[in-house]
Amino acid sequence: MKKAVIFDLDGTLIDSLEDIAINANITLQKLGCPTHPIANYKNFVGDGAKVLIENAMPKYIAQKYRDQGLLLFKELYEENLHSHTKLYDGIQLLLQELKSLNIPCAILSNKPDKFTKLYVERLLSEISFIDVVGQKDGVPKKPNPIAALDIAKKLQLDTKDIYFVGDTATDMKTAKNAHMRAVGVSWGFRGVYELRDNGAEFILNKPNDLLNHLSI
């Protein structure tokens with residue numbers, strides 16, 4: 001039975017937390033808001049840039065300043081896109097092994113589509129993905145399953161044969177909403193308990209663990 005894998009990006013394939021936190025904190029400073037320790041951003045990310053800024057800014061800030069913050073963050077993040085971000089250990093080897101096994105892969109992220117594609121181009125240029133999709137205007141973001149189901153059509157597979165791999169509750173909900181196999185990773189931005197509580201069928205402790213489950 002042929003299988004395929006859809007990966008989340010941040011916290012799953014790439015460790016981007018430091019760059020996100022640095023640029024968000026610069027944004028907050030420029031708007032006169034308090035900043036946060038890098039570790040706190042683990043709880044701010046996962047649902048796109050707009051939600052990130054909403055989470056990072058104080059609740060009393062007026063909407064017009066939140067809108068300014070989002071635009072500023074995107075500008076800063078694009079300028080400093082690749083400063084500290086890197087692949088997690090073992091990801092390159094996993095993707096190369098999946099390629100050798102002819103298991104098609106795709107990426108679905110809530111990171112803006114432009115940034116999603118830039119990161120894949122810079123860090124994963126040797127890997128051929130069926131599709132690379134970030135957050136776009138007019139397309140509901142995860143956990144809405146529409147984008148995941150569009151990828152399934154390109155894969156030409158039944159959703160039960162597609163493994164959706166991610167690090168947050170949003171990813172597990174996306175998998176369940178699309179009737180895909182929900183797979184959590186222990187190295188990402190959230191904890192194992194969150195993943196299990198939101199429907200993860202199993203948890204990967206290292207990237208190559210996925211191969212064992214694909215062979216079942």
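A search of the whole structure, which is a predicted model, turns up six aromatic pairs. Here, rings of Phe, Tyr and Trp (its six-membered ring) pair if their centres lie within 6.5 Å; planes under 30 degrees apart count as stacked, over 60 as edge-to-face and the rest as tilted.

Helices (H or I, at least four residues) and strands (E, at least two) are DSSP runs, numbered from the N terminus. Tyr 88 and Trp 187 are both buried, meaning under 20% relative accessible area (1.4 Å probe, protein chains only). Tyr 41 and Phe 44 are buried too. There's also one aromatic cluster, formed by Phe 73, Tyr 77, Phe 115 and Tyr 119.

Now for strand S4 (residues 105–112): eight of its eight residues are buried, so S4 is largely enclosed by the rest of the structure. Strand S1 (residues 4–7) pairs with S4 in the parallel sense over three bridges; two strands pair if DSSP finds at least two bridges between them. Ile 6 has Ala 106 in S4 as its bridge partner. S4 also runs parallel to strand S5 (residues 131–135), joined by four bridges.

Residues are numbered from 1 along each chain as its sequence is written. Local features need pLDDT of at least 70, side-chain atom pairs count only at pLDDT 80 or more, totals for chains, interfaces and linings use all residues, and side-chain values use heavy atoms, leaving out hydrogens and water.

Definitions and conventions
Buried means under 20% relative accessible area, exposed over 50%, partly exposed in between (1.4 Å probe, protein chains only).
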